[in-house]
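Dear colleague,

I am handing over the structure below, and my notes on what was found in it follow directly after. Please read them with the sequence and the coordinates open beside you.

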There are 2 protein chains.
Amino acid sequence: MFRKLLSLEEARKILKESFSPKPISAERVSLSEAHDRVLAKDIVAPIDVPPFDRSTVDGYAVKAVDTFGADEDRPVALKFCGQVNVGEPPSVVVENGMTAEIATGAPLPKGADAVVMVEYSIRRGDTIFIHRPVSKGENVMEAGSDIHKGETILRRGQRLASREKGVLAALGLKEVDVYKRPKVAVISTGAEVVEPGKPLPPGKVYDINAHTLSAAVLECGGEPINLGIIPDERDQLEAAVKKALNLADAVITSGGVSVGPKDIIPQVLDTLGKPGVIISGISVKPGKPTTIAVINGKPVFSLPGHPTSSLLMFHMIVRPVICKMAGRREEVSPMVKAVAATKMFPARGRRTFVMVNLTYDKTGKLLASPVPAGLSGAITTLAKAMGFVEIEEKKQFVNEGEEVTVYLF
Amino acid sequence: MFRKLLSLEEARKILKESFSPKPISAERVSLSEAHDRVLAKDIVAPIDVPPFDRSTVDGYAVKAVDTFGADEDRPVALKFCGQVNVGEPPSVVVENGMTAEIATGAPLPKGADAVVMVEYSIRRGDTIFIHRPVSKGENVMEAGSDIHKGETILRRGQRLASREKGVLAALGLKEVDVYKRPKVAVISTGAEVVEPGKPLPPGKVYDINAHTLSAAVLECGGEPINLGIIPDERDQLEAAVKKALNLADAVITSGGVSVGPKDIIPQVLDTLGKPGVIISGISVKPGKPTTIAVINGKPVFSLPGHPTSSLLMFHMIVRPVICKMAGRREEVSPMVKAVAATKMFPARGRRTFVMVNLTYDKTGKLLASPVPAGLSGAITTLAKAMGFVEIEEKKQFVNEGEEVTVYLF
């Protein structure tokens, strides 16, 4: 089973052809549970917002024509016909020559078509003197002027944060249909890894990837299912991947895909269902051993064991898939332009990602400096990096002072 | 009780003098529960990472001096003395003239100080021919080279995402001390507001603020406690604020702080404890009626009833306080430079915030266009805005084409 090492673009194309990520299904949740979830249906306004013509000031509801020509010296006199309170349907009708006291937010009574601010009126018993004319609609927020009944106001795929939740509340919706979070099983492999919290026998290291990858799944809207550490034994790995495929919508493994004879993950993935392994290695650094399978319609991403490599490959390959399965519109990594602080070299013939820190120099230029200790085994390389610079396969090097694009974590 | 309208800076200064936001207390949670929480203590590494000298390649562990002078034509011959597997303590010692087979990630056996990559070796029975010299430490990741035992590797106040969780896992920590989320009670007031999901009687509108403000509290690391809608009655408001002060670390009310005679919130806040109301109105637009009290060491923010005004004032005044109570380092709103698409006018003598949308014009310039329908009662104004432009009190207007700073939501 030998396959040529693919470029990152080729790998992405093959993945796209073999697996088309779609949201799983929808569920109805309350507005408070809907935080940061993704709308599964367009929202068509069931009511007008505001639901009625509303006064935007404290003052007097009038027929605008009655106020024409009013000024400080010759105020118009109108007859008081009642009061309209906030939260109550008006009990008065404003006829010609009449006016009703009205509070901010109260519904405009029948007959009235504008509101005079209280500052421009004087009351003497049942007579209200108006000093300033208003035009029709002045100081009134018309029914439906904010949101029209029947209008599509939020779209499927929209993430719900404070402002979108405000729109849903304004429409009186206490529940909303959102996409289910895709379940993503996370498996760590390797004879050397031990779960944090347990004693560390000689020759062993703590498992990092289960925790970084689970957190990364959460960050793109998925629900991680941590299946723990599985030894590099064919039967146990096979059982674990089968279980993962039963429980979850996608599977991520880490470790066990370098070039050693013990790397049985590709063999396991090729026997569990069709089409099996579709990508065996990608021409990138770090991340070269990355192996991807599709098994009975579910993607399995086998990432390298090195924490930096696996999290970087998650970012480059897995993240867009999980985001789409979560119903999120495809998300582009935020990026900034910066200037290379030093020369950076790519690995020969491979797309290379250099972890960098960002600092401003004295002249205000944003500098991208490679994070020291470039060993991909180092977890701190990643923790200290603010992002990475991508160097094309064919480029010989990035020169000091050259402009680079930094993709931010 | 009359107080002069304060500038935004004066209001912030008074608030800072009256209430110093601090994290509530800490709690210990598991690594998986710690996602997006804030570290309450510095993390001092309890072990070296890696915990032992580790081979970074598959190959042969050697004494570097034994390989000096080796080349293709004159390989050095070393005697095979055993094998070192991943995850196991080495059972061999590498003496002069000897070598042990070693896998990537396996611990370097005693006596060895470098690893020759398998590509540069040929094995004939128990003799290994080395074609290339290695220097001391080559292909070895030294114990503690990633993280030193005793090193302070993460700091109090750090938010925990995938990369930080990776560091904690690498150290074998399965639990971590994080700050408790500050509890923030949210109260809506007003005779006209109705909870979403209930029928809407004539003259009423659905409550928006409880939902937008609760979501905003979540977004800055707090835990909202929604106390529902309280009528504008003194006894009920007083009972509700008392309850809120008992349950929560901070209180937010919305509505009931304009200039009408029914505005009893300031009166209530002045009777419940010292110092009471410290800020009665701020010279901003929108958001002018904003009232702030401190009662027995807890802040109470009384925001205007208009959804846009209340959420904007949350952003300007409340958010930094909740963030600090959540233990987060003070967070600055992300901002971008853009060009005003039209003239923008401030309200006379008040700091003015204009909601804007951002688009690129044909020449690639980023344009800030005010969102239409500027009524602060409109929820869609806010939902459609990507951010806001701040116009200084003393500025007459922002000209079309002038550079502006847009604070992003």
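A residue is called buried here if 20 or more other C-beta atoms lie within 10 Å of its own, and exposed if 12 or fewer do. By that criterion, buried residues make up 50% of the 409 residues in chain A. Please bear in mind throughout that this is a predicted model.

Chain A as a whole

The secondary structure of chain A comes to seven helices and 26 strands. Its radius of gyration is 32 Å, well over the 22 Å that the globule rule gives for 409 residues, so chain A is more spread out than a compact globule. Taken along the principal axes, the box filled by its C-alpha atoms is roughly 100 × 55 × 45 Å. Of the contacts in chain A between residues at least 6 apart in sequence, 69% join residues at least 24 apart.

Helix α1 of chain A

This helix spans residues 8-18, and Leu8(A), Ala11(A) and Leu15(A) are buried in it. Seen down the axis of α1(A), the buried residues fall within an arc of 60 degrees, so they line one face of the helix. The face turned away from that buried side carries the exposed residues Glu9(A), Lys13(A), Lys16(A) and Glu17(A). As for what the buried residues of α1(A) pack against, the partners in chain A are the strands β18, β19, β20 and β23, together with helix α6.

The contact between the chains

In the contact between the two chains, 64 residues of chain B meet 64 residues of chain A. On the side of chain B that touches chain A, the elements giving two or more residues are α2, β15, α3, α6 and α7 of chain B, and α2(B) gives the most, with eight residues. The residues of that side divide into 34 nonpolar, 19 polar and 11 charged.

Backbone points to check

Most residues other than glycine have a negative phi, and most peptide bonds are trans. The peptide bond from Lys285(A) to Pro286(A), however, is cis, with omega near -5 degrees, and Pro286(A) is placed in the loop between β19 and β20 of chain A. In chain B, a cis peptide bond joins Lys274(B) and Pro275(B), with omega about -10 degrees, and Pro275(B) is found in strand β18 of that chain.

Asp36(B), which is not a glycine, has a positive phi of about 65 degrees; it lies in the loop between β1 and β2 of chain B and, with 12 C-beta neighbours inside 10 Å, counts as exposed. Asn296(B) has a positive phi near 45 degrees, lies in the loop between β20 and β21 of chain B, and is exposed, with 9 other C-beta atoms within 10 Å.

With best regards

Methods
Residues numbered from 1 in each chain as written. Chains lettered and ligands numbered in written order. Predicted model: local features only at pLDDT ≥ 70, side-chain atom pairs only at ≥ 80, totals over all residues. Helix = DSSP H or I, 4+ residues; strand = E, 2+ residues; numbered from the N terminus. Rg over C-alpha atoms; globule rule 2.2 N^0.38 Å. Contact = placed C-beta atoms within 7 Å. Arc of directions from axis to C-beta. Nonpolar A, V, L, I, M, F, W, Y, C, P; charged D, E, K, R; others polar.
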